[in-house]
Amino acid sequence: MKKFLSLMVALLVLATVPAFADTIENNDGTVTLTTDNGVTLTYTKDEFEVTVDENGDVAGSYTGESPEPIHFTVATLKDTDAETYINEQAAAHSAEVEKIAAFDEENEWFSFSYDEAAADGNTNTVTVYARNCEGGCYVVTAYSYFTADAADAETTDDGDAIDGSVELTMILDSMSFAK
């Protein structure tokens with residue numbers, strides 16, 4: 001009976017580990033996760049929580065020095081051009097758009113961000129990035145990170161002001177994308 005239960009548990013674990021993602025624990029304490037979609041993330045377990053769904057899309061959150069976790073998703077959209085996608089999304093959020101960034105030649109990203117009211121009366125910022133890939137584009141959406149007025153700015157334990165853009169850069173710097 002114990003052997004049967006052990007076998008069932010082993011099969012259950014195998015069934016829940018996605019076949020479309022490779023995970024490698026590196027010697028420097030980072031984890032490298034590569035999906036069949038061509039998305040590679042290198043992250044530290046103590047600052048990121050990452051999951052991969054049945055489609056190979058990635059979701060997670062940056063849980064490092066942040067007043068609230070910064071959640072993000074990475075999706076591969078087939079037959080979709082990054083610039084077209086960003087323009088359509090920016091138009092859909094035209095009332096809330098904070099700024100639209102042009103194509104970044106160095107990093108090959110289109111992006112825009114907008115603010116949305118949070119239930120607690122604060123403001124969350126949503127930032128959408130898209131980069132062309134073979135046959136489509138990668139879309140990275142980072143959302144629900146708190147932005148406060150300077151007078152009410154959240155601080156880290158060391159008393160430093162928290163800058164949402166720095167944290168968002170940390171997310172993007174932890175990802176690489178095959179083309």
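A nonpolar core is taken here as a set of buried Ala, Val, Leu, Ile, Met, Phe, Trp, Tyr and Cys residues joined through side-chain atoms within 4.5 Å. The views show a predicted model, in which local features need pLDDT of at least 70 and side-chain atom pairs count only at pLDDT 80 or more, while totals for chains, interfaces and linings use all residues. Residues are numbered from 1 along each chain as its sequence is written, and side-chain values use heavy atoms, with hydrogens and water left out.

View 1. The chain has three helices and eleven strands, where helices (H or I, at least four residues) and strands (E, at least two) are DSSP runs numbered from the N terminus. Of its 179 residues, 36% count as buried, that is, under 20% relative accessible area, with exposed meaning over 50% and partly exposed lying in between (1.4 Å probe, protein chains only). The largest nonpolar core holds 26 residues, of which L41 and F72 touch the most other members. Apart from it lies another core, made of twelve residues that include Y85, F110, F112 and Y114.

**View 2. The open four-stranded sheet.** Four strands form an open sheet in the order β1-β2-β3-β11, and their pairing is antiparallel; two strands are said to pair if DSSP finds at least two bridges between them. The edge strands, each of which pairs on one side only, are β1 (21-25) and β11 (175-177). Within the sheet, β3 (residues 39-44) pairs with β11 in the antiparallel sense over three bridges, and T40 has S176 of β11 as its bridge partner.

View 3. S174 lies in the loop between α3 (164-173) and β11, and because its relative accessible area is 16%, S174 counts as buried. When its neighbours within four places in sequence are left aside, S174 is in contact (heavy atoms within 4.5 Å) with T40, L41, T42 and F48.

**View 4. Strand β5 and its two partners.** Strand β5 (58-62) is mostly covered, since four of its five residues are buried. On β4 (residues 48-52), β5 pairs in the antiparallel sense over five bridges, and the bridge partner of F48 in β5 is Y62. Five residues separate the strands in the hairpin of β4 and β5, where G56 takes a positive phi near 85°. Strand β5 is also joined to β6 by five bridges, again running antiparallel, with V58 standing opposite V74 in β6.

View 5. G64 is found in the loop between β5 and β6 (70-78), and it counts as buried because its relative accessibility is 18%. Although G64 and M170 are 106 residues apart along the chain, their C-alpha atoms are separated by 9.9 Å.

**View 6. The two sides of helix α2.** The buried residues of helix α2 (residues 82-92) are A82, Y85, I86 and A90. Seen down the axis of α2, these buried residues fall within an arc of 125°, so they line one face of the helix; the arc is that of the directions from the helix axis to the C-beta atoms. On the other side of α2, A91 and A92 are exposed. At the start of the helix, a side-chain oxygen of D81 reaches to within 3.2 Å of the backbone nitrogen of E83.

Terms used: A polar contact is a pair of N or O atoms within 3.5 Å; within protein, one must be able to donate a hydrogen and the other to accept it, and residues adjacent in sequence count only if both atoms are side-chain atoms.
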